[in-house]
Amino acid sequence: MVLVDFSLAFNCVDHRLLAAKLNEEFRFSETACRLVSSFLGQRQQAVRSGNGTSAMREVVDGTPQGSCLSALLFSLYINSLPATLKCKYQLYADDLQIYLSGPISEVDELIRTVNEDLDAITRWATGNSLHPNPKKTQAIIFNKTGRVEPQTDIVFDGVVVPLLDTVTNLGLQFDHNMTWKHQVNTVVQKAFNTLRTLRRFTPVLSTATRRKLVQAVVVPIFTYCDVVYYHGLSASLKDQLHRCFKSAVRFVYRLRRRDTTAAVRSTILGHDLPSNYHLRTCCFIKRGYDGNLPEYILEHLTHGQQQRTRSLIIPRHTTTSGKSVLVAGASCWNNLPLEVKQKPTMPTFKSAVKRLVLNQD
């Protein structure tokens, strides 16, 4: 997998080229094109250095920072890029990832295909006023065990992209054996650093305020993309997350290090941390069952033949891939009572699963 980076992508959008794309590629009406041109045009900027300021200059490239339209316009601008690719890809605004899978014995051939796509990306970027950034581009080869050492280099815009053991993908730490060890370490470190800062103000904070701070600042660290990696964790990594969460509980109730938290852990999330992962996984699969997830995920979620049971066929998997959210999630979904699966809305479904979780706790 190669995580492609562009230098200052949003700032490089050519206004005239964007207008042409909107008109020719997306068939925007003339009025709509003029509206977008009016939004982007007639902007000026100057540079201040020390006590001096440059003359004003018209801004002819880029989308305005902070505007809710900037990401949408950039997505339209880059929309034609995937048509040049042979590899599978994921594209979200300026975050582009291309990837292929195959036997280890064919790794050099796979890299040559990836390099062809990287050349195509470079040509497309040159023709569309974007600038590839090979120095910030990341590459990794995933394998169940060990490290793969190919003979062929990954090359982007004339620069060799080194293979890494860990890459950062939209805030997640992917390691080459998919153990998620680096991701868990990052979550724990962020949580402990945040708690360390909050503890400085413990004497002037009430219990209710400390609880709200943990819910607002610390809990999101645990829940960011948790359904992606939690089921792939070893028992020791899951325990590491749980012990960190209990430290947050001790902060709220000013408990000592060896004091038990069993009686109060559920006051933070309404249930314990492992139960929260189970709840969020069920909600994720519920969205998939209802068809509200991206197509590349839905293609792995197949409804069972007996519609009355509202079950899912568990995807074929090896022992390792059996830890994925799709396999574990399908199993969690199938184990839910039918009356819970039939809840018509996400809030009612979530409430029903919460009641099940509380009964199990």
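Contact here means heavy atoms within 4.5 Å. The legends below all refer to a predicted model.

**View 1. Gln173 and its surroundings.** Let's start with a residue of strand 12, which spans residues 172–175 and holds Gln173. Beyond its neighbours within four places in sequence, Gln173 is in contact with Thr166, Val167, Thr168, Trp180, His182, Gln183 and Thr186. With Thr168 there is also a side-chain to side-chain polar contact, at 3.0 Å. Is Gln173 buried or exposed? Its relative accessible area is 18%, and the cut-off for buried is under 20%, so Gln173 counts as buried.

**View 2. The two faces of strand 12.** In a regular strand, side chains alternate between the two faces of the sheet. Here, Leu172 and Phe174 lie on one side of strand 12, Gln173 and Asp175 lie on the other, and all are buried.

**View 3. The hairpin of strand 11 and strand 12.** Four bridges pair strand 12 with strand 11 (residues 166–169) in the antiparallel sense. One of the places to look is Thr166, whose bridge partner in strand 12 is Asp175. Two residues sit between the strands of this hairpin, where Leu170 takes a positive phi near 55 degrees.

View 4. Strand 1 (residues 2–4) and strand 7 (residues 95–99) run antiparallel and are joined by three bridges. Val4 stands opposite Leu96 of strand 7.

How values were computed: Residues are numbered from 1 along each chain as its sequence is written. This is a predicted model: local features need pLDDT of at least 70, side-chain atom pairs count only at pLDDT 80 or more; totals for chains, interfaces and linings use all residues. Side-chain values use heavy atoms; hydrogens and water are left out. Buried means under 20% relative accessible area, exposed over 50%, partly exposed in between (1.4 Å probe, protein chains only). A polar contact is a pair of N or O atoms within 3.5 Å; within protein, one must be able to donate a hydrogen and the other to accept it, and residues adjacent in sequence count only if both atoms are side-chain atoms. Two strands pair if DSSP finds at least two bridges between them.
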